[in-house]
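Open the model in your viewer and keep the sequence panel at hand. We will go from the whole chain to a single residue.

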Amino acid sequence: GNSAVLPVWVDDAGLPTDPSPSVSTEGRVGCHLSVTDDVVYAANYSSGSIARMMLDGSETALLVREGHSVHPTRQEMPHTHYIAPMPGGTYLAVCDLGTDSIAVYDRDLTVVSECRVPDGCGPRHLCYSPDGRYAYCANDLSSTVSILSCDGEHGTFVHLSEMSTRSTAYGTADREACENYPAAIRCDGGFVYVSNRGDD
């Protein structure tokens, strides 16, 4: 079945109230949400789609992405993993693990631009430098971070380079023998932090 969003409001004391009725994301395995004003945007991993939903459930729009990349079992189709506003808040960035791309959409889910990362990277999540000029993308399949220039005003990314997330504490053979899969990424105080599942 489809995934759903369950709105839970917070009262003046900061306590959760009774949840509102759930709103379908119109896709399978909703894995990332972003809320802007009264609109929720969702990335549906297994169906490769993104959804735009009003919090009251009055309207839902769905965009199903197309394409694939080189990994035979993880990139056989789109797998959207992240959706959130770019710096400036005008456009939305979408990481698609299945197509090795970071796409930019307007608030109505019309495509603005698309940036490819190297084949087989599997882009998962983004964070931004404090000035918003750079974005850093955790790549699930290649254990790397893509460094991108970012133009939030025009809704574009340009791929610049890659850096490994693997620990230098492991020898080369140990690193290659261990499956890793980076996940969360955060920018803070001039540093980029990435969690490594596998290297722990």
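The tour starts with the overall fold and then stops at one side chain.

**Whole chain.** This is a predicted model. Show it as a cartoon: the protein chain has 16 strands and one helix. The radius of gyration is 17 Å, close to the 16 Å from the globule rule for 200 residues, so the chain is as compact as a globular protein of that length. Now switch to the C-alpha trace. Along its principal axes it spans about 55 × 40 × 35 Å.

The accessible area of the protein chain is about 10,000 Å², and carbon and sulfur atoms hold 52% of it. Of the 200 residues, 45% are buried.

**Contacts.** Take the contacts in the chain with a separation of 6 or more. Residues 24 or more positions apart make 40% of them.

**Ile 185.** Select residues 182–188. This is strand β15, and Ile 185 sits in it. Is Ile 185 buried or exposed? Its relative accessible area is 2%; the cut-off for buried is under 20%, so Ile 185 counts as buried.

Now show its neighbours, leaving out residues up to four places away in sequence. Ile 185 touches His 125, Leu 126 and Cys 127, among others. Its contacts also include Tyr 136, Cys 137, Ala 138 and Val 145. Val 192, Tyr 193 and Val 194 touch Ile 185 too.

Last, draw a distance from Ile 185 to Gly 120. The two are 65 residues apart along the chain, and their C-alpha atoms are separated by 19 Å.

How values were computed: Residues are numbered from 1 along each chain as its sequence is written. This is a predicted model: local features need pLDDT of at least 70, side-chain atom pairs count only at pLDDT 80 or more; totals for chains, interfaces and linings use all residues. Side-chain values use heavy atoms; hydrogens and water are left out. Helices (H or I, at least four residues) and strands (E, at least two) are DSSP runs, numbered from the N terminus. The radius of gyration is taken over C-alpha atoms; the globule rule is 2.2 Å times the number of residues to the power 0.38. Buried means under 20% relative accessible area, exposed over 50%, partly exposed in between (1.4 Å probe, protein chains only). Contact means heavy atoms within 4.5 Å. Accessible areas come from the Shrake-Rupley method with a 1.4 Å probe; for residues, only the protein chains shown count as cover.
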